[in-house]
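Student: Could we go through this structure together, one question at a time? I would like to see how each answer is reached.

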Amino acid sequence: MFHISNFTNNDDIRILDTAGPFTVIEYLRDLSVMPSNAAAAYFCNAMNVRKRQVICDLKKAQITVQAGAMQWMAGNVNAVTGIKGVGDLFSKAVRGKVTGESAIKPEYTGDGIMVLEPTYKHLLLLNLDDWNNSVVLDDGLFLACDSSIRHKAVMRSNLSSAVAGNEGLFNLGLTGSGIVCLESLCPREELVEITLQDDVLKVDGNMAIAWSGSLSFTVERSGKSLIGSAASGEGLVNVYRGTGKVLLAPVQ
């Protein structure tokens, strides 16, 4: 039995979002300051640069997190590698290498509480049920998810997409039912959500942070010809085709 005081019930902390086993909190002010960094702390607060954390309630679901993300835990919490054999280890190592994610993401089980490391990035909770149970992520966004969600390396529709767009050939794909927690440089309020129904979205730059696994992703010329692309001044664009959703940041 444990009891936690002066945490979420502290008047310096507010709850931003909650879904499934995850609760996102934000520190309204940085009170641990000295004269040498007080000015920076003041302007950080004015510009919405604040520490945020994720609280995981393992009574609601088992959790898979990015390696090294755990800060502290209370109660009955057990960490396992999630490796089911040599073949599983090899496939996860390959997937981690090609997607840029950690090869082994620890899984936490039990019925206690786990708190992840604080970050100044924005923490987003996505329900895969709202994404037709499949989402592809831009590199480095994954933080945590329900352990029932499956991870896979998603290859671009063609090799030229990666070469021409100066992007990696693979992205991390998540499939199943449950909640995914992402670390984003942009807050949820600034992200643009575009829903496609047998249509196409062209984006000049790497601004999509997540898109439905049902969409085809390629890199193409903005015009039908080299001359047309040159005339438009855009050159190559990221293209998403099919039926699904795309989450766009306002800047790269």
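Here are the questions and answers, from the whole chain down to single residues.

Tutor: This is a predicted model, where local features need pLDDT of at least 70, side-chain atom pairs count only at pLDDT 80 or more, and totals for chains, interfaces and linings use all residues. Residues are numbered from 1 along each chain as its sequence is written, and side-chain values use heavy atoms, with hydrogens and water left out.

Student: How many helices and strands are there in the protein chain?

Tutor: Both are DSSP runs numbered from the N terminus, with helices being H or I of at least four residues and strands being E of at least two. On that basis, the protein chain has 4 helices and 18 strands.

Student: What percentage of the residues in the protein chain is buried?

Tutor: Buried stands for under 20% relative accessible area, exposed for over 50%, and partly exposed for what lies in between (1.4 Å probe, protein chains only). Of the 252 residues in the protein chain, the buried share is 44%.

Student: Among contacts between residues at least 6 apart in sequence, what percentage joins residues at least 24 apart?

Tutor: A contact here means heavy atoms within 4.5 Å. Among the contacts between residues at least 6 apart in sequence, those joining residues at least 24 apart make up 78%.

Student: Which strand gives the most to the lining of the largest pocket?

Tutor: A pocket is found on a 1 Å grid over the protein atoms alone, as an open set of points where a 1.4 Å probe fits, with protein on both sides within 12 Å along at least five of seven lines; lining residues have an atom within 4 Å of a point. There are 14 lining residues, and Leu-16, Leu-123, Pro-187, Arg-188 and Glu-189 lie nearest the centre. At least two residues each come from β1 (13–19), β2 (22–27) and β9 (122–127). The top contributor, with 4 residues, is β9.

Student: Where does Cys-186 lie, and which residues does Cys-186 touch beyond four places away in sequence?

Tutor: Cys-186 sits in the loop between β14 (179–184) and β15 (192–203), and Cys-186 is buried at 9% relative accessible area. Lys-121 is 65 residues away from Cys-186 in sequence, yet their C-alpha atoms are 7.6 Å apart. Not counting residues up to four places away in sequence, Cys-186 touches His-122, Leu-124, Leu-191, Ala-249 and Pro-250.

Student: Which backbone nitrogen does the side chain of Asp-12 reach?

Tutor: Asp-12 belongs to the segment before β1 and is buried, with a relative accessible area of 6%. Asp-12 touches Glu-26, Tyr-27, Leu-28, Arg-29 and Leu-31, leaving aside residues up to four places away in sequence. At 3.0 Å, the Asp-12 side chain reaches the backbone nitrogen of Arg-29.

Student: Is Asn-171 buried or exposed, and which backbone oxygen does its side chain reach?

Tutor: Asn-171 is placed in strand β13 (residues 170–175). Asn-171 has a relative accessible area of 3%, so Asn-171 is buried. At 3.2 Å, the side chain of Asn-171 reaches the backbone oxygen of Leu-137.

Student: What is the phi of Asn-6, and what is that of Asn-133?

Tutor: Most residues other than glycine have a negative phi. Neither is a glycine, yet phi is positive in both: about 55° for Asn-6 and about 65° for Asn-133.

Technical notes
Polar contact = N/O pair within 3.5 Å; in protein donor to acceptor, adjacent residues only side chain to side chain.
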